[in-house]
Amino acid sequence: MKAKNPWLDLPLDIYINHMGHSQVLQYQAINGIMQMQAEFAEKNKVNKIAILGITDGNGLQHFSKRPCFQSILALDINPKYLIVCEKTYGSVLNSLHIKSCDLTLCENAIEILSGSDMVIANLVLEHVGIAAFLKVIAGIKENLNFLSLTIQQNNCNGGNVSKSGYENAFDSVGDDMHLIDPSDLTGSLKNMGYMKSKQTLKELPNDKRFLTMDFIKSI
Ligand SMILES: C[S@@+](CC[C@H](N)C(=O)[O-])C[C@H]1O[C@@H](n2cnc3c(N)ncnc32)[C@H](O)[C@@H]1O
């Protein structure tokens with residue numbers, strides 16, 4: 001039997017307190033990245049966006065300012081996070097739909113995500129794994145022309161989870177986290193027809209940084 005996903009046991013307030021802590025600042029960084037992703041989507045006239053591992057919807061306010069999107073699918077394995085996401089953004093973002101799904105159950109995820117023309121995945125690949133993620137992307141096919149992906153990079157051996165006073169609550173999700181090699185990711189996506197159009201680095205405390213890469217399908 002498959003082990004229970006550790007994200008199902010991580011309370012949302014602990015996640016937010018940790019990510020937003022002054023020694024971590026990742027919550028604030030992701031909010032800024034979501035703003036860039038909303039601009040990228042608007043510029044490319046994207047209609048149907050799927051955001052994988054959305055947690056509480058941090059950054060969705062940048063999408064609510066742009067009424068051009070036909071649908072925004074917010075997906076996460078933890079249904080409790082999604083309830084908060086819908087409560088916070090449902091009234092300002094008519095196009096928002098939430099869906100609880102385990103991305104490693106690829107066939108189910110592909111069915112849910114079919115019809116999306118853009119996929120956003122910030123800090124999710126580290127938990128889902130590159131193989132499952134690529135399988136889902138390959139399965140969506142058809143209209144999926146845009147990807148925007150953020151991965152974490154550590155510049156030294158400080159561990160994957162920064163110190164905030166809450167870090168012990170992340171032991172299980174941290175054990176399950178595997179850093180993604182950007183060359184592996186870009187190489188595999190290139191083979192599937194997705195060419196990198198832009199990349200942005202956001203420096204963070206503790207010698208960490210977020211690398212965001214945008215891809216456009218070329219064939
Ligand atoms: C590090 S958080 C990233 C949250 C948000 N994207 C951000 O950047 O602030 C990872 C999220 O992915 C979700 N997640 C982890 N494994 C998953 C899986 N197998 N399927 C779907 N969601 C998953 C977790 O529940 C969590 O909300």
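**Exercise 1.** Determine the strand order of the open sheet in this predicted model, and state which strands lie at its edges.

*Solution.* Step 1: The open sheet has seven strands, and their order is 3-2-1-4-5-7-6, with mixed pairing. Step 2: Strand 3 and strand 6 (194-204) each pair on one side only, and they are the edge strands. Step 3: Direction ignored, neighbouring strands of this sheet are turned by 20 degrees against each other on average.

**Exercise 2.** Describe how strand 4 and strand 5 pair.

*Solution.* Step 1: In general, strands of a sheet pair through backbone hydrogen bonds, either parallel or antiparallel. Step 2: Strand 4 (residues 118-122) pairs with strand 5 (residues 146-154) in the parallel sense, over five bridges. Step 3: Val-119 has Leu-147 of strand 5 as its bridge partner.

**Exercise 3.** Explain why the buried residues of helix 4 line one face of the helix, and identify what covers them.

*Solution.* Step 1: In helix 4 (residues 79-89), the buried residues are Tyr-81, Leu-82, Cys-85 and Tyr-89. Step 2: Viewed down the axis of helix 4, these buried residues fall within an arc of 95 degrees, so they line one face of the helix. Step 3: The face turned away from the buried side of helix 4 carries the exposed residues Pro-79 and Lys-87. Step 4: The cover over the buried residues of helix 4 includes helix 1 (12-19), helix 3 (61-64), strand 2 (71-76) and strand 3 (96-100).

**Exercise 4.** Characterise the residues around the ligand.

*Solution.* Step 1: Of the 19 residues around the ligand, those that come nearest are Trp-7, Gly-53, Thr-55, Ile-77 and Asn-122. Step 2: The shell around the ligand divides into nine nonpolar, eight polar and two charged residues.

How values were computed
Residues are numbered from 1 along each chain as its sequence is written. This is a predicted model: local features need pLDDT of at least 70, side-chain atom pairs count only at pLDDT 80 or more; totals for chains, interfaces and linings use all residues. A residue is buried if 20 or more other C-beta atoms lie within 10 Å of its own, exposed if 12 or fewer, and partly exposed in between; C-beta atoms are placed from the backbone. Helices (H or I, at least four residues) and strands (E, at least two) are DSSP runs, numbered from the N terminus. The arc is that of the directions from the helix axis to the C-beta atoms. Two residues are in contact if their C-beta atoms, placed from the backbone, lie within 7 Å. A residue is near a molecule or strand if its C-beta atom, placed from the backbone, lies within 6 Å of it. Ala, Val, Leu, Ile, Met, Phe, Trp, Tyr, Cys and Pro count as nonpolar, Asp, Glu, Lys and Arg as charged, and the others, Gly among them, as polar. Two strands pair if DSSP finds at least two bridges between them. Axes are lines fitted to C-alpha atoms, for helices over the stretch in contact, and angles run from 0 to 180 degrees between N-to-C directions.
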